[in-house]
Every structure is written in C-alpha cells, then in structure tokens.
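Let's walk through this structure together, one region at a time. Keep the 3D view open beside the text and follow along.

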Amino acid sequence: LTSKRRLPAYYLLSASFVFLLIADTAYAAALLANTYQTGNPLDAGWLLFFVLFGTVALHPSMVGLSEPLPQAETKLTWQRLVLLTATSLIAPILLAYQAVFDEHIDVPVIVGGSIVLFLLVALRMAYLLGERKILERRLEFQAFHDPLTRLPNRSFFTERFEQALARSERLGSKVAVLFVDLDDFKEVNDSLGHETGDGVLIAVAHRVRGCLRPTDTAARLGGDEFTVLLEDIEDARGAVRVAKRILGELRAPVVLGELEMGVSASIGIVLGEGTRERLGDLLRKADLALYRAKSRGKAGYEVFDPGLENRITL
C-alpha cells in the first residue's frame, strides 16, 4: 500500500449511486408530469446502476476493502447498517406497493429516500477515503522512521544522503556524516533494563535532533547507533562544531521518573564530496573515526583522514 494507490471500487460505487439518484429523480418528475411509460429511456439509468454495482463487486480493487484498517476512526455499527438498509429499500417497497395495489405513490417520499440514501453512501465513502489516507500516511511514516525514537531510519537517511550529494554538486558545497555511538550503553540495558534503555535512546534522539538545522538529518541505524547528515558544510570545522554541540547536550543527566543517569557518546566525522560518494563508504570511514575517538577515552570526537585506517591498531 502506497500513498499513490487508489481504489477504483470507491469511485465506481459512488458513480453507480449517482446514476440511481438521477434515474429516481427523473422517474419522479415523469410521474408528476404524467408522462412516464414503461420503456422510457430513463429506465437505462437503473440498468446502468446495476451494471456499475456488479462491476464494483467484481473489480480487483475490492480486495483492498478487505484489508484491516488499524485504529479506524469510524465503525459500521448495526444501527448504521439498519439505517442504510432501510433507506435503500424505500423506493423498491413503494414501487412494489404501487404494482400490487395500484395505488398512487407519494413521489416526494421516493425522491427524498433516494436523496437520503445517496447522501448516506457519499458520507460513508468520504469517511472510508479519509481513513484510508490516514492509514497510508501512517504506513509511509512507519516505513521510513524508527518506531522507538521516531527518527528517520536507514532507508530514509540513504535517500536524504543521495539528495544532499546532488545539491552539494550543484552548489559547490560539501556534506558531512557524523556517526554517534553511546558509550557503555550495554551496561544500562543490563543493569537497569531495556525499558530504561529505551527511555535513554528517546532522550538522546531528542537532544541530537535539537542540535541540528532544519536542513540536516538525524537518523537511528539501530541499537545505540545514530547518524547525522550535515548539508552545506565548507570544511570539517562546521561538522566539529555540531559534534561539540551534541556532546555538550548529552552531558546533562537523563531523568526518567525518579532515576537520573549520565550519558556520554563518541562521534566519528567524515566529509563527503561529489556525487560519486557512497553512503556505505562514508559510514565505514566515520566508524573508523568513531573507533579512534573511543580509543582515546570516549565522550569525544574524531575526524577521519586518509591515514587513519593505517594508524588504527586492533
């Protein structure tokens, strides 16, 4: 299911009831003018209604209507179903009564019932379309964001990275990738539990995001690993300033209920230039710089340089 997908069954069903309303209205007008005769061309409106209604039932998009809608805002209750059914039966019941007892039919009742039926169906379809759009937006968000921190995930980060490289090529600027890893986070999970660990991750994500400009992107790759994409960077000094800002924000204790704990992180920084850069290569280089920062005592940062791979000792 994507945001661009449509369900033709919705529109076919709406069109069928439009033809039904037109046919009923024309029939009522012909009765008032005493000009209606069997075989009148307006009878085609009823036939077209049933043809479209059958097409809706057989259309492949009807499969989409059977898909569950989580957290739906409206429900088809028995009361609504009875009201809709009763309204739809007004016209055929009155016509059957006229045929059996040869009685005069109150035309406004038929027309009014048809209009009410059309409005009920139209409102219901509008509700269903609204719920479908809400679900599509929710699923799209879930596909590109981390469910815990609500930060972009790797897929979204990769897409933004490619777009940023294209813009940097046009503007003659650079991008920077920061690899942020929490220090000793495993001890938090082991000693305080995963629920507390999740609270720490949410707090860290909020602080990291607060250190960035609107054009920058923070993402969670998984576990306690975060990445930051900085756009329109002239040199490493701009990325270093952001890294220092993040480290400064993380120094403040994280308060979770009555629990207060300190958090620190290490950051690896790498600059990217040109559209030939690959995110995987930059993340690997940023990871090497991160490893170097941790080897120097943690709670710090390191900028990648070409000779760093040779200097790191395992």
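This is a predicted model: local features need pLDDT of at least 70, side-chain atom pairs count only at pLDDT 80 or more; totals for chains, interfaces and linings use all residues.

The ring of Phe156 pairs with that of Phe144 in an edge-to-face arrangement, with 6.5 Å centre to centre and 65° between the planes. By the rule used here, the count comes to one aromatic pair. Phe144 belongs to helix α6 (residues 107–144) and Phe156 to helix α7 (residues 154–171), so the pair links parts of the chain that lie 12 residues apart. Phe144 is also partly exposed, at 28% relative accessibility.

At its start, a side-chain oxygen of Asn153 reaches to within 3.3 Å of the backbone nitrogen of Ser155. The 18 residues of α7 should span 26 Å at 1.5 Å a residue, and the end C-alpha atoms are 25 Å apart, which agrees. Which residues of α7 are buried? They are Phe157, Arg160, Phe161, Ala164, Leu165 and Ser168. Seen down the axis of α7, these buried residues fall within an arc of 145°, so they line one face of the helix. An α-helix has 3.6 residues a turn, so residues three or four places apart point the same way. On the other side of α7, Glu162 and Arg170 are exposed. The cover over the buried residues of α7 includes β1, β2 (217–222), β3 and α11. After the helix comes Gly172, with a positive phi near 75°.

Now step back to the chain as a whole. It has 12 helices and seven strands, and 38% of its 314 residues count as buried. Among contacts with a separation of 6 or more, 69% are between residues 24 or more positions apart.

In soluble globular proteins, nonpolar side chains tend to be buried together. Here, the largest nonpolar core has 33 residues, and those with the most contacts inside it are Leu178, Val228, Leu230 and Ile246. The elements that give two or more residues to this core are β1 (174–182), α8 (185–192), α9 (194–210), β3 (225–233), α10 (236–250) and β6 (265–272). Which element gives the most? That is α10, with seven residues. A second, separate core of 19 residues includes Leu165, Ala286, Ala289 and Leu308.

Leaving aside neighbours within four places in sequence, Val228 is in contact with Phe157, Ala176, Val177, Leu178, Val180, Val208, Leu212, Thr217, Ala218 and Ile246. Glu231 is placed in strand β3, and is buried too, with a relative accessible area of 9%. Not counting residues up to four places away in sequence, Glu231 touches Arg160, Ala164, Arg167, Lys174, Val175, Arg213, Thr215 and Asp216.

Over in helix α9 you will find Ala203, which counts as buried at 18% relative accessibility. Ala203 and Thr149 are 54 residues apart in sequence, with their C-alpha atoms 8.4 Å apart in space.

Next, turn to Ser266 in strand β6. Is Ser266 buried or exposed? Ser266 is buried, with a relative accessible area of 0%. Its side chain joins that of Asp183 through a polar contact of 2.9 Å, and the side chain of Ser266 also reaches the backbone nitrogen of Ala299 at 3.3 Å. Beyond residues up to four places away in sequence, Ser266 touches several others, including Phe179, Val180, Asp181, Leu290, Ala293 and Gly300.

Leu290 and Ala293 lead us to our last stop, helix α11, where the buried residues are Leu279, Leu282, Leu283, Ala286, Ala289, Leu290 and Ala293. They cover an arc of only 120° around the axis, which puts them on the same side of α11. The 17 residues of α11 (residues 279–295) should span 24 Å at 1.5 Å a residue, and the end C-alpha atoms are 24 Å apart, which agrees. Just after α11, Gly297 takes a positive phi of about 125°.

Note on methods: Residues are numbered from 1 along each chain as its sequence is written. Side-chain values use heavy atoms; hydrogens and water are left out. A nonpolar core is a set of buried Ala, Val, Leu, Ile, Met, Phe, Trp, Tyr and Cys residues joined through side-chain atoms within 4.5 Å. Buried means under 20% relative accessible area, exposed over 50%, partly exposed in between (1.4 Å probe, protein chains only). Helices (H or I, at least four residues) and strands (E, at least two) are DSSP runs, numbered from the N terminus. Contact means heavy atoms within 4.5 Å. A polar contact is a pair of N or O atoms within 3.5 Å; within protein, one must be able to donate a hydrogen and the other to accept it, and residues adjacent in sequence count only if both atoms are side-chain atoms. Rings of Phe, Tyr and Trp (its six-membered ring) pair if their centres lie within 6.5 Å; planes under 30 degrees apart count as stacked, over 60 as edge-to-face and the rest as tilted. The expected span of a helix is 1.5 Å times one less than its number of residues. The arc is that of the directions from the helix axis to the C-beta atoms.
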